[in-house]
There are 2 protein chains.
Amino acid sequence: MNEIELVEWIRKQAASLKRPELVLGIGDDCAIWHPHPGEDLLFKTDPLIEGVHFSSAMPAAAAGARALARSLSDIAAMGGEPRFCLVSLTLGPHHDEAWLKYFFLGLLKLARRTNTVLAGGDLSRSKHETRAEVMVCGGVPRRRALYREGAGVGDGIFVSGRLGRAWDRPIQPRIALGVQLRDVASSCMDLSDGLSLDLLRLCKASRVGAKITRVPIAKGSTLERALHGGEDYELLFTLPPGSRPLPGTSRIGTIVQGDAVEFKGKPLAPRGYDHFATSESPSNKK
Amino acid sequence: MNEIELVEWIRKQAASLKRPELVLGIGDDCAIWHPHPGEDLLFKTDPLIEGVHFSSAMPAAAAGARALARSLSDIAAMGGEPRFCLVSLTLGPHHDEAWLKYFFLGLLKLARRTNTVLAGGDLSRSKHETRAEVMVCGGVPRRRALYREGAGVGDGIFVSGRLGRAWDRPIQPRIALGVQLRDVASSCMDLSDGLSLDLLRLCKASRVGAKITRVPIAKGSTLERALHGGEDYELLFTLPPGSRPLPGTSRIGTIVQGDAVEFKGKPLAPRGYDHFATSESPSNKK
C-alpha cells in the first residue's frame with residue numbers, strides 16, 4: 001500500500017467513532033473542530049519512542065494503545081475528558097505495514113473506549129527507530145481544570161492504584177477519577193517520571209513541602225521502584241483536610257510548610273526520569 | 001542544563017508573546033485554551049526530520065522556523081489564522097544544547113510574526129536523527145474554512161508565488177492570502193508534495209479534472225521541478241469564472257469535467273513525494 005491507501009485504510013477504521021464537534025476529520029490539510037461553548041480545551045503531546053517507551057518486541061496493538069494512553073493520562077490529570085487526537089507515526093526498519101495496521105487497531109480500540117476521535121496525523125518512514133507522537137485534546141468545564149499548583153498545608157496526599165509496576169503493562173488512563181477529582185482536589189498531576197520527581201514538581205508548583213509515610217507497592221515490585229520508577233500513569237493528588245477517601249486511591253502523606261519532601265522522616269531526593277539527561281546522569285539510573 | 005532548566009529557558013523566551021485565550025501555557029500536564037465563541041479550530045501536525053526535511057548543516061534558527069512554517073502553511077491553506085502551537089523536539093547526536101536554543105529562537109521569531117503562541121511540547125534525545133513535531137492550532141470563523149473539495153467546472157486554477165524553488169529556502173506561510181481567499185475561493189490546499197500530486201488530490205476531492213497550460217517557474221529552477229518537486233508551500237486554489245485576479249498569484253489552468261489532469265494537452269502523471277513509499281518507488285524520484 002502507498003501513503004494514500006494506508007491513510008484511507010486508517011480513515012475507514014476510525015470512522016466507526018464519530019463526534020458532532022468534529023466538522024472535518026482525516027483527509028484535508030487540517031482537521032476542523034467546533035468547540036462546545038463554555039468549555040476549556042486541554043492539549044498534550046507525548047512521544048512514544050522504540051527502545052525508550054516500548055521495546056521492538058512489544059505487540060503492535062499494545063504499542064498503539066500505549067501511545068494514546070500516555071497523553072490521555074495527562075488529560076485525566078487535569079480533570080478533562082478526551083475529545084480527539086492526532087497521530088504522527090514514523091515506521092522504523094523493525095516494523096512493517098502489518099505492524100502499522102495493528103498499531104492503529106490497538107490505538108483505536110482504546111480511542112473508542114475513551115470516546116477519543118482520531119482526527120488526523122501523518123505517516124512517514126525512518127531508517128532508525130519507530131516513533132509515534134500523539135496529541136490529545138480534552139475538554140473541561142470552563143475554569144475547572146486541575147493544576148499542579150493549589151496544594152495547601154495540611155492537605156492529604158494521595159495516589160491512585162499501586163506504584164512501581166512493570167513498564168510494559170497496559171496503561172489505564174484514570175479519566176473517571178480525574179472527573180471526580182474536579183470537585184474535590186486542591187491539586188493533581190499524573191505520575192510519569194517517578195513519584196520522587198513528580199511529587200517534587202507538584203510541591204514546587206504549589207510552593208509547599210510534603211511528608212510521605214507510606215506508598216502502595218504493586219505486586220512483585222519494590223519500594224525503590226515505587227518511589228523512583230517512572231511510567232506509572234497513576235494520578236497524584238491532594239485533598240483538603242477532612243475530605244472523604246475515594247475508592248481505588250491511597251493516602252501516602254501530608255502537605256507541609258517549606259519546600260522539603262520527606263519519606264519516613266528522611267529527605268526524599270528526586271531520582272525519577274529526566275528525558276533530556278544523558279543516560280549516565282544519576283537521575284536516570286532506574 | 002537538565003530538562004527542567006531547558007523548559008524554563010524556553011518558557012521565558014516564549015513569554016513575550018501572549019494571547020488572552022491561552023489560560024495556561026508551558027509547565028503543567030496540559031496547556032489550556034479557551035476558544036472564541038463562533039470560531040472553528042483547525043489542527044495540523046507535521047514532522048520535520050533531519051535528512052528528510054532539513055540537512056544537519058542547516059542553521060538551527062532556519063530549521064526552527066521551517067518546522068513551524070510547514071504546519072502554518074496548512075492553516076493558511078484552509079483560510080485560518082494561527083492561534084497556538086505545541087513543539088516536540090528530539091535532539092540527535094549531530095546537534096547540541098546551543099543548537100536547541102537557536103532552533104527555538106528561530107521558531108519563536110516566526111511565531112511572533114504570525115501571532116502563534118507556544119503553548120507546550122516535549123523535549124527528548126535520540127541516538128539517531130534530530131526531529132521536531134509541530135502541532136499548530138488555527139482559528140477560522142465558523143463554517144468558513146476552505147476545503148480541497150469545492151472546485152467547479154470552469155473555475156480558474158491558481159497558485160501563489162513561483163514553483164520549484166530549492167527545498168532549503170525559508171518558507172513564507174501564505175496566511176494573509178488564505179484569509180483573503182476565504183471570501184472568494186471554491187477550493188484551496190497547500191503545495192507540499194509537488195504540483196502534479198497535490199493537484200490530483202484537489203481534483204479527486206472535488207471530483208473534477210484539470211487542464212494546466214502554464215506554471216510560474218522560480219528563478220534558477222526547471223519546469224520539471226515546478227511540476228513535480230515538493231516543499232513549495234505555496235497555495236493552490238480555484239476561483240469561480242469571472243473572479244478578479246489576486247496580487248502575487250498566477251492562473252495556471254482551468255477545472256474541467258472528468259477526472260483527468262493534463263498539462264499542455266498531455267496527461268500529467270503525479271510524481272510528487274509519497275512520504276510512505278520506499279525511496280525506490282517511482283513516485284519518489286525527484
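## Helices, sheet and chain symmetry

In chain B, helix α2 (residues 60–77) lies across β3 (39–49), β4 and β6, running at about 140° to β3(B). Contact here means heavy atoms within 4.5 Å; axes are lines fitted to C-alpha atoms, for helices over the stretch in contact, with angles from 0 to 180 degrees between N-to-C directions. Helices (H or I, at least four residues) and strands (E, at least two) are DSSP runs numbered from the N terminus.

The model is predicted: local features need pLDDT of at least 70 and side-chain atom pairs pLDDT 80 or more, while totals for chains, interfaces and linings use all residues. Residues are numbered from 1 along each chain as its sequence is written, chains are lettered from A and ligands numbered from 1 in the order written, and side-chain values use heavy atoms, without hydrogens and water.

| Helix | Lies across | Angle |
|---|---|---|
| α2(B), residues 60–77 | β3, β4 and β6 of chain B | about 140° to β3(B) |
| α3(B), residues 97–113 | β4, β5 and β6 of chain B | about 170° to β4(B) |

The six strands of an open sheet follow the order β1(A)-β2(A)-β3(B)-β6(B)-β4(B)-β5(B), with mixed pairing; two strands pair if DSSP finds at least two bridges between them. At the edges stand β1 (22–24) of chain A and β5 (117–125) of chain B, each with a single partner strand, so one side of each has no neighbour in the sheet. From one strand to the next, the twist averages 20°.

Strands β4 (residues 81–91) and β6 (residues 131–141) of chain B run antiparallel and are joined by nine bridges. B:Leu89 has B:Ala132 in β6(B) as its bridge partner.

Chain B superposes on chain A by a rotation of 180° with 0.0 Å of shift along its axis (RMSD 0.0 Å), which is the relation of a two-fold axis. The superposition is by least squares on C-alpha atoms of residues with pLDDT of at least 70 in both copies. Of the interface residues of chain B, 100% are also interface residues in chain A, so the copies meet through the same surface.
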